[in-house]
Amino acid sequence: MGSVASYFGRLGGKEQKKEEERLFRANDRPFNLSYHYADNAIKTSKYNLFTFLPLNLFEQFRRLANAYFLFLMALQVIPQISSLSWFTTAVPLILVLSITAVKDASDDINRHKSDKQVNNRMVKVLIDGELRNEKWLNVQVGDIIKLENNQFVTADLLLLTSSEPLNLVYVETAELDGETNLKVKQALTVTGDMGDSIDALAGFKGEVRCEPPNNRLDKFKGTLTLDGQTYSLDNDKVLLRGCTLRNTEWCFGVVIFGGPDTKLMQNSGKTTFKRTSIDHLMNVLVLCIFGLLASMCAVLAIGNGIWEVREGSVFTVFLPLEQGVNAALSSFLSFWSYVIVLNTLVPISLYVSVEIIRLGNSFFIDWDRKMYYPKNDTPAQARTTTLNEELGQIKYIFSDKTGTLTQNIMTFNRCSINGKAYGELFDFSGQRVEITEKTARVDFSWNQLADPKFTFHDHSLLETVREGNPEAQAFFRLLALCHTVMPEEKKEGELYYQAQSPDEGALVTAARNFGFVFRSRTPETITAMEMGRTVTYELLAVLDFNNVRKRMSVIVRNPEGKLTLYCKGADTIIFERLHPSCNKLKEATIGHLNEYAGDGLRTLALAYKPLDESYMDKWRQRHHEASTAMEGREERLDELYEEIEKDLLLLGATAVEDKLQDGVPQTIEQLAKADIKIWVLTGDKQETAENIGYSCNMLREEMKEIFVVAANTTEGVKEELQNARRKMCPEAAEEPSVKKARAGLFWLQKTETVQDEKVDGDYGLVINGHSLAFALEKNLQLELLRTACMCQTVICCRVTPLQKAQVVQLVKKYKQAVTLAIGDGANDVSMIKAAHIGVGISGQEGMQAVLSSDYSFAQFRYLQRLLLVHGRWSYLRMCKFLQYFFYKNFTFTFVHFWYAFFCGFSAQTVYDEWFITLYNMVYTALPVLGMSIFDQDVNDRWSFQYPQLYTPGQLNQYFSKKAFVLCMMHSCYSSLILFFIPWAAMHDTVRDDGKDLADYQSFALLAQTCLLIVMNIQLCLDTYYWTAVNQFFVWGSLAAYFAITLTMYSNGMFLIFTSSFPFIGTARNSLNQPNVWLTIFLTSLLCILPVVASRFLFIQLRPTINDKVRQKVRKEALPAPAPRRPPARRISTRRSGYAFSHAQGYGDLVTSRRFLLKLRSRPPLFTQTDSPLAQNEPQLYRTIAEDPEESQSP
Amino acid sequence: MGKVKGKSGPLARRPDNSAFKQQRLPAWSPMLTANTVLPFFYLMALICMLLGVWLLLTVQSTQEIKLDYTEAGTCDVCFEKRKNVSNAAQTCTCTVVFSIKKALKGDVFFYYGLQNFHQNLRRYMDSRDDGQMVVHTASHLRKTQMVSPLPPCGAVANSIFNDSFTLTYHGSSGPSIPVPLLRKGITWYTDKNVKYRNPKNDNMTLAQVFEGTARPLYWQKPVYELDPLDPTNNGFINDDLIVWMREAAFPNFKKLYGVLYRDSQPFTKGLPAGNYTINISYNFPVQYFRGRKEVVLTTLTWFGGQNHFLPVAYLVTSCLILLVAILLTVAWWKFGKNGKRMEE
């Protein structure tokens, strides 16, 4: 379509050369207009009032089926060929075209509306020395505009001045890249000096040269020439359309790119149009049908040729040949006549019906209350309505971790202080008590600064602290001091912490509630409230966290002048640096840590060390030297840190729970039972990912082995993968068995499928980002795939968004299986787009994932309902629909084929033309739709009870080429019965009063009645789930058939439209004959009984899982509730992941002044969704290349 | 799709809890179980058996005599004569003798039958014009005439079957008696009274109305003189024409010619046994297309003529169903009954 639009666009005279470089002057419209840069109006709509009809029709006729029917209509106009009246194809075609046109029109009207809304937003533009309110669409390149706080950025701007110090502005880029943290942009000082002086700005005559419009969000290159001076411009000075101004009173900018040239719109490239495997199958089948049609017509045409020579030539006495027609030409004409008669083989209503069914199923997803999340009022949403049945065929799920499996909320859960564990509750007999919502919480009301949202259940800890236990107090003091959190206290007593990693936030909050409140910091001091007493510490040094050190320390001096180093970090790291005197304590703590690890908690060990003043002085001296050194700064600093962080005294350990979303382990278990493989792809560290793997039951202690691939060379990775594979399956061949096949339209597409291999026992595979990069290389990817597919669980950690997509693509390519990717953040977008089905969690990390997803809901656990219930039903319904639809049309058409042998291959139809017209559109449309929208083999509760019901979908068992062939054979049988039984019964008989009954019209009526009744009974047999609506549709259709038939064969219709309704009286005269009804009965019996018998036989001999469950449903009304297992207690020897979810600390920021210059209040959650993006095309944005937060290599 | 419909509050977007939207419509889910399927099959076998027997008895009670007269009796002369188109105008009559062993009781229907005559060819059927034959005024007829000058036009009317028959009974004693045939009331009521209408004109006779029209090529008589005996049986509403115009679905067909008029002895109870002759005015050429002509005399029941197909088909079906039913029973007994295969 895009090409067409652009074609017409070009016709409109807007021929454009490729822009090499952009050049414009601020405040100089005439100059800028000479370049014909696009203005700021955007247009996402496709049509306008006048172009709608031609363009839309053009678009629609590009569809093969529609074009085919247009061609048929053209054929029908030729009198020598026309075997059917024009209306038999015209009526359905017009109906189909108009339904589609109405849908397209309403879509386009919506786009027009949103375009209009966006284009008509107001913004202040500096024109002729004054600020005027202008609509967005009137903004031109080179205009200077003023933005105010919380406004959307109008176009891509070069930032000139801002209200904030240092010409900073803060923007939120969630709409662009999905990150919610604010980004800072800074204007050039030379422009920033203009401030908000309108005169200065109006007189600003800068000339900008920069790159042409492009879609790179993270790069910008250009120069600003002002008064002969040239300044270079980079991405830091550019505000992009789609961002929102935050925490900034106002700013001025000059427009660089407008409307379609903005990076936002440039990113809105074509979204890949996803199609389901059923779609592909359907295309192939339609092609086969065309082949079948052609060969049937050819057979009949040859028949016609022979007949004309042998019979027709001598029959010319009664039916003279038309001029110039001989047997050969007649045969040729009859080929086309039969193309018309047999056109119902290619069902025109197929595509429309398929769309309707999918739409219906999408609505059911939208309407499902069990997928509605009341906490943030989010219903599930089917954003794409064309993929439903694929939901029932998922074989691989790729899941993000943060925000998808977990809530991205850390809670301080347990701790071990001085060898004593806190945080768990025991009853009198020493049994662990499960903590639920109802368990009494610790009351923190004595502490006015406590965070009310913090919950803790173990009272003994608070008592210990309040008793003044020195270790406990030191423990919390450490937590209150050793971090990089920024406090924010807008009102006295209302504290907010801004932590870079949620773990830190959780720890500081815990300290706050236990009476050690971190209140404020300056670069040199930290002020805390310790058990009600304000204490200010002097901050001497922050030994920041990074991935190698895996620890962070602070050195502080308390008011008494005592120097202390506080250190927290990964347990293994801390334990290496402990003073030997702590050995006993260490043992006890290790015990606790193992326990925590078994529960999947993230742990940190805490230690401190009193420091000597003189040593410290020297150390600071050296530290200063090192930090200002030009060479080897990092190494020297590391050495220094290493030196001071030793002989630590252990305080204890914390355990933070990375809270899983509700029901995640159960969901994963269910999906595993449905034979769906779940791979977790996360940007997180290996430890964290493993941790989550354990806590959501993907990795289990009883697994035979969990392989970790973490090599750093190609060979290493290869070896590790091979070793793992050999261990799992020693007898497997070295080379993967690849099945090569051809598929798709015209069998053009080559496919290679790596066969599944059988493995005893459960294994897990953890692979990290580096190794993955090697493993995804061409020579290793099959090895990776083989090994990974042998494992029950695959966890890839520290992967980049690109790698996520690559993994998905790998599985897609070599497994020929349906994949689903689920995620919530911008870093999941690539994978969501790569997978067959993308699911977005409408969670906290912005809208990016949701916007590019096909389905969205609020909680991971809804996935099981989406797949096991909606997906399964959709697939079942679609397959049943297709099977039945092909059956009904083939049967209908084949009868014509048999009749050809009796009517001299003259393309005479068996049925009345009106019946042919209405058969698909009226008589059989609703019953089959009713079945394929409402049908369910078993209800949702049973679907959950038996996730195995899902497996037939993965194996394509309900509808495939084989099923299609079977369906065709069935049709063939039915059509034979439907033609030859009435023929034999009628050809030599008369009415009970001796009058004609074997005439053409009576036979047509009999044949069509038989057909319709058989089709309806067959439908009844196929329907599992009989609602009142189904009954109504089936009986209603039959009633409608008789009503319409009697009407059309009535005197009145004949007298009004004589030539259209020649069947006058046929219905009355033959439907009152008992032998007509006896024939109908026999025909139905012979068509239906074999089906019943074979189905019954299959149920007895080889019942499918569906049959089994349905059998159970008959016996028990409701499934037995699943037994609730108490959480198993695990003691793990595995060292847990330490709790730092970020890569690099804020250390230098904390100690630098810049960060503290401006720390404004930031609303905790942006509720604003009224953005230009959300209203425009939802799936516009291609992706953002890198995940900035976690995936960097250490 | 989940749009807010004037609701507000924290649960504004919560979907309605209706049985339809939650896919919980009350429903009946039938299943093919032994309890339903097996009795159904036995029942169907029984029903088919009963129907078959009943129909067979019914059909057996009818009698039918078929007589191919294409070259039979003295008709071979006419057959040869009609081979030559130049003789088309010459009349030719012939006689066929046959005997009835057992009296045909009740109403006896007289049919002519044609074989290998394709009334169902598309072009043949398309060539007719139904509109022409329901014209209501003479002026309208003139108008349609401009398009198709031959009333009735088209290959169907043109090829009307034009043999005529007289049947004579030769009793064992006594003279030959012509068998009276009722030649009217042999069409569908709707055809005679709705579908075909003569153009009406109060002051004109039929001949005047049709004045200026040509007769179809093969017709010896114009359309308004088809039945010389009954002036109301002329024009488009002539019974023979209407019967012929109702095209047969298959190339072998029979069409009603007349019904025995049971008014006088010895025909009050049907056709008595004995010898009969048919005098045929042999006009219709069939040799061109290797066709055959026949006359059929038959009695009827509520089930129509003597067609053995349905009764036999029912009996065969019944046997098949029974066979299948037994097979299914065995399969169920051996495999399905204990329900082992139904377990997980």
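How many nonpolar, polar and charged residues are in the lining of the second largest cavity? By class, that lining has seven nonpolar, six polar and no charged residues. Here Ala, Val, Leu, Ile, Met, Phe, Trp, Tyr, Cys and Pro count as nonpolar, Asp, Glu, Lys and Arg as charged, and the others, Gly among them, as polar.

Before going on, a word on the model: it is predicted, so local features need pLDDT of at least 70 and side-chain atom pairs pLDDT 80 or more, while totals for chains, interfaces and linings use all residues. Residues are numbered from 1 along each chain as its sequence is written, chains are lettered from A and ligands numbered from 1 in the order in which they are written, and side-chain values use heavy atoms, with hydrogens and water left out.

Back to that cavity. A cavity is a set of points on a 1 Å grid over the protein atoms alone where a 1.4 Å probe fits but cannot get out, and lining residues have an atom within 4 Å of a point. This one holds about 100 Å³ of space, counted as the space filled by probe spheres set on the points, which are joined across faces, edges and corners. Of its 13 lining residues, Thr88(A), Pro92(A), Asn343(A), Thr344(A) and Ile348(A) lie nearest the centre. H29(A) gives the most to the lining, with four residues; helices are DSSP runs (H or I, at least four residues), numbered from the N terminus. Domain 2 (281-346) and domain 5 (878-1113) of chain A both give residues to the lining, so the cavity lies between them; domain bounds come from an automatic or database domain assignment.

The largest cavity has a volume of about 270 Å³. Its lining draws on both chains: among the residues nearest its centre are Asn304(A) and Arg122(B). H10(A) supplies the largest share, five residues.

Now for the packing. The largest nonpolar core has 206 residues, where a core is a set of buried Ala, Val, Leu, Ile, Met, Phe, Trp, Tyr and Cys residues joined through side-chain atoms within 4.5 Å. Phe117(B), one of those with the most contacts inside this core, touches Phe315(A) and Trp244(B), among others; contact means heavy atoms within 4.5 Å.

Last stop: Thr191(A), in helix H7 (residues 189-192) of chain A. At 1% relative accessibility Thr191(A) counts as buried, meaning under 20% relative accessible area (1.4 Å probe, protein chains only). Its contacts beyond four places in sequence include Leu159(A) and Phe204(A).

Terms used: Helix = DSSP H or I, 4+ residues; strand = E, 2+ residues; numbered from the N terminus. Buried < 20%, exposed > 50% of the residue type's maximum accessible area, 1.4 Å probe, protein only. 1 Å grid on protein atoms, 1.4 Å probe; cavity = no way out; pocket = protein on both sides within 12 Å on 5 of 7 lines; lining within 4 Å.
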